[in-house]
Amino acid sequence: DLPQLAEDDPQAAALKYVHASPHSDKKCSNCALLQGNEGDEWRPCAIFPGKVVAAEGWCSAWAKKP
Ligand code: SF4
């Protein structure tokens with residue numbers, strides 16, 4: 001299993017990544033860049049290779065899922 005992305009990881013901090021999204025309408029689970037299996041709590045993200053991010057998380061690279 002891939003390790004969870006830490007909020008204080010320099011790359012995460014640069015993109016203001018947090019495990020709990022501050023936006024009601026924007027989170028990793030509805031971001032176009034999220035990968036892995038629908039419904040998983042932690043999933044890979046195209047922006048952070050080798051780590052998993054929280055489905056309920058968010059970062060400033062969020063992009064609307066088409
Ligand atoms: Fe979450 Fe950011 Fe990855 Fe989108 S780009 S899935 S908002 S960490």
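Start by selecting glutamate 38, which counts as exposed at 60% relative accessibility (buried means under 20% relative accessible area, exposed over 50%, partly exposed in between, with a 1.4 Å probe and protein chains only). You are looking at a predicted model, in which local features need pLDDT of at least 70, side-chain atom pairs count only at pLDDT 80 or more, and totals for chains, interfaces and linings use all residues. Residues are numbered from 1 along each chain as its sequence is written, and side-chain values use heavy atoms, with hydrogens and water left out.

Lysine 65 and glutamate 38 form a salt bridge, with their closest N and O atoms 3.9 Å apart (a salt bridge is a side-chain nitrogen of Lys or Arg within 4 Å of a carboxyl oxygen of Asp or Glu). This pair links distant parts of the chain, 27 residues apart: lysine 65 sits in the segment after strand 2, and glutamate 38 in the loop between helix 1 and strand 1. Helices (H or I, at least four residues) and strands (E, at least two) are DSSP runs, numbered from the N terminus. Lysine 65 itself is partly exposed, with a relative accessible area of 39%.

How many salt bridges does a search of the whole structure find? The search finds 3, so let's visit another pair.

Select lysine 27 and glutamate 56. Their salt bridge has its closest N and O atoms 3.1 Å apart. Lysine 27 lies in the loop between helix 1 and strand 1 and glutamate 56 in the segment after strand 2, so the pair ties together parts that are 29 residues apart in sequence. Lysine 27 is partly exposed at 25% relative accessibility, and glutamate 56 is partly exposed at 46%.

Next, pick aspartate 9 and lysine 51. Here the closest N and O atoms of the salt bridge are 3.5 Å apart. Aspartate 9 comes in the segment before helix 1 (10-14), while lysine 51 is in the loop between strand 1 (42-44) and strand 2 (52-54), so the pair ties together parts 42 residues apart in sequence. Is aspartate 9 buried or exposed? Aspartate 9 is buried, at 16% relative accessible area, whereas lysine 51 is partly exposed at 25%.

For the last stop, select phenylalanine 48, in the loop between strand 1 and strand 2. Phenylalanine 48 is buried, at 4% relative accessibility. Leaving aside residues up to four places away in sequence, phenylalanine 48 touches several residues, including Leu5, Tyr17 and Cys59 (contact means heavy atoms within 4.5 Å).
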